[in-house]
Amino acid sequence: MKLKLILVAVFAVTAFSISHADTNWPRLRGADADGIAKRADIPLTWSDTENMAWKTALPGPGSSSPIVWGDKVFVICWSGYGDKPEAQDMTKLQRHLVCLSLADGKIIWDKTVPAAQPEDPYQGYITEHGYASSTPVTDGERVYAFFGKSGALAFDFDGKQLWQTDLGKMSARMRWGSAASPVLHKDMVIVNASDESRAIYALDKKTGSQVWKAEGGDTLQLAYSTPVLVPRDDMLDLVLAVPSELWALNPDTGKLRWYAVHGLPGNISPGVIVGADALYVTGGFPTSGTAAFSRAGGKGDVTAANKLWESASNSYVPTPILHEGRLHVINDKGFAFCLDAKTGAEVYRERALAGAADDGGGGRGRRGGGGDKPFYASPVMVNGKLYCVSRRSGTIVIGTGTSFEKLATNVIASDTSQFNATPAVSGNRLLLRSERFLYCVSGK
């Protein structure tokens, strides 16, 4: 009888652990920052009336992704300036951290933070994504957010603001605002404040006080990607793609361990993709491409020893998915393509959306400035299928084989606003965020 009780208890703990892991999506692109839902069951098709569990109006637009912990969803918005044609007073700009019920989408609380002034004016490219582009992160006790010139903040799960730390008031020369999302390491929150101070910070999770600061100078300018933690031997590297280079810092101290030259200048937005033996970086402007490096690390400049290959195929905004030895990409110009992760050879390239402009194909060519960008969101993978959220033409579901296979196109016809945010996955729920609403897609 005692043995039976022990087995029941072990089973209960195991079941709870699996359920806990499946439900939580605590940061941008999930717990492992790879965009892959390990165990999930998401419908292939949906619409306004099919497989739509709930829909909630948000207090303002934003490009940041929702995150999930337990029965709560957290998402960042902005309002007061630029969100409506008549909202022209910059001093009224504020950010919102919104907590919703995962079960029914009801707003539990909405906390607002006035923007530090002056902000970047709502003009030019900042109108493409606005003032809420950084995705929050949670450890299950607190939610940590980065509001650019308004700093980094922490809230508890009841919505109480615990601290706020200034990380600079500068602007990059393009004045596009912030995009990188905070990450957690031990008892620290790490923030890439490239736009605000050309530096990377580690803050104490409980107090917001500075643990370390890594100065990047102008090299860090226009580095909009979120750092990733990469295990190597008996250590972790904090890896960040910046214009023309790949950096690896000691996450405990902020000291540079090694760097490599990838040769992609200008803006770097997609995150570094981490494979079992290699790291992949994509993006760049006006010259763009994709490059692969060994995860072996080293000291100083490791370019010659660690660079594996380079390709003209690239993604300017969305971060690719690595699956079964292939990099799967849906780029900002509306092309789906697949690269062999070992060689960089292109497996296929197809227009994912009808009317997508030619993206240059082979040869490390120049990108044109401006123009329509049908995809901003990064794809997520569920059960071997890629869910790719376009900005205006619905969510395209494609296979992850060696040829292009479009499985579905799902349009929410009632919402004509843009969908810029990478979705989140929680068990059998897919959370989609537009400029107006948060949606929960579920077949069960």
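1. A quick convention first: Ala, Val, Leu, Ile, Met, Phe, Trp, Tyr, Cys and Pro count as nonpolar, Asp, Glu, Lys and Arg as charged, and the others, Gly among them, as polar. On that scheme, the lining of the largest cavity holds 7 nonpolar, 7 polar and 5 charged residues.

2. Before going on, a word on the source: this is a predicted model, where local features need pLDDT of at least 70, side-chain atom pairs count only at pLDDT 80 or more, and totals for chains, interfaces and linings use all residues. Residues are numbered from 1 along each chain as its sequence is written, and side-chain values use heavy atoms, with hydrogens and water left out.

3. Back to the cavities (sets of points, on a 1 Å grid over the protein atoms alone, where a 1.4 Å probe fits but cannot get out; lining residues have an atom within 4 Å of a point). There are 3 of 30 Å³ or more, and the largest has about 130 Å³ of space. Volume here is the space filled by probe spheres set on the points, which are joined across faces, edges and corners. Of the 19 residues lining the largest cavity, Arg95, Tyr131, Gly148, Gly177 and Ser178 lie nearest its centre.

4. Two cis prolines deserve a look. Gln117 to Pro118 is cis, with omega near -5 degrees, and Pro118 sits in the loop between strand E6 (107-114) and strand E7 (137-138). Strands (E, at least two residues) and helices (H or I, at least four) are DSSP runs, numbered from the N terminus. The bond joining Phe285 and Pro286 is also cis, with omega about 0 degrees; Pro286 is in the loop between strand E20 (278-283) and strand E21 (289-294).

5. I'd check two phi values as well. Most residues other than glycine have a negative phi, and most peptide bonds are trans. Ala33, in the loop between helix H1 (2-23) and strand E1 (36-37), has a positive phi of about 55 degrees. Glu324, in the loop between strand E24 (321-323) and strand E25 (326-330), has phi near 50 degrees. Buried or exposed? Ala33 is buried at 14% relative accessibility, while Glu324 is exposed at 59% (buried is under 20% relative accessible area, exposed over 50%, partly exposed in between; 1.4 Å probe, protein chains only).

6. Lastly, Ser79 in strand E4 (residues 72-79) is buried, at 8%. Leaving aside neighbours within four places in sequence, Ser79 is in contact (heavy atoms within 4.5 Å) with Pro59, Lys92, Leu93, Gln94 and His96. The side chains of Ser79 and His96 are joined by a polar contact of 2.6 Å (N or O atoms within 3.5 Å; within protein, one must be able to donate a hydrogen and the other to accept it, and residues adjacent in sequence count only if both atoms are side-chain atoms).

Notes
On a 1 Å grid over the protein atoms alone, a cavity is a set of points where a 1.4 Å probe fits but cannot get out, and a pocket is an open set with protein on both sides within 12 Å along at least five of seven lines; lining residues have an atom within 4 Å of a point.
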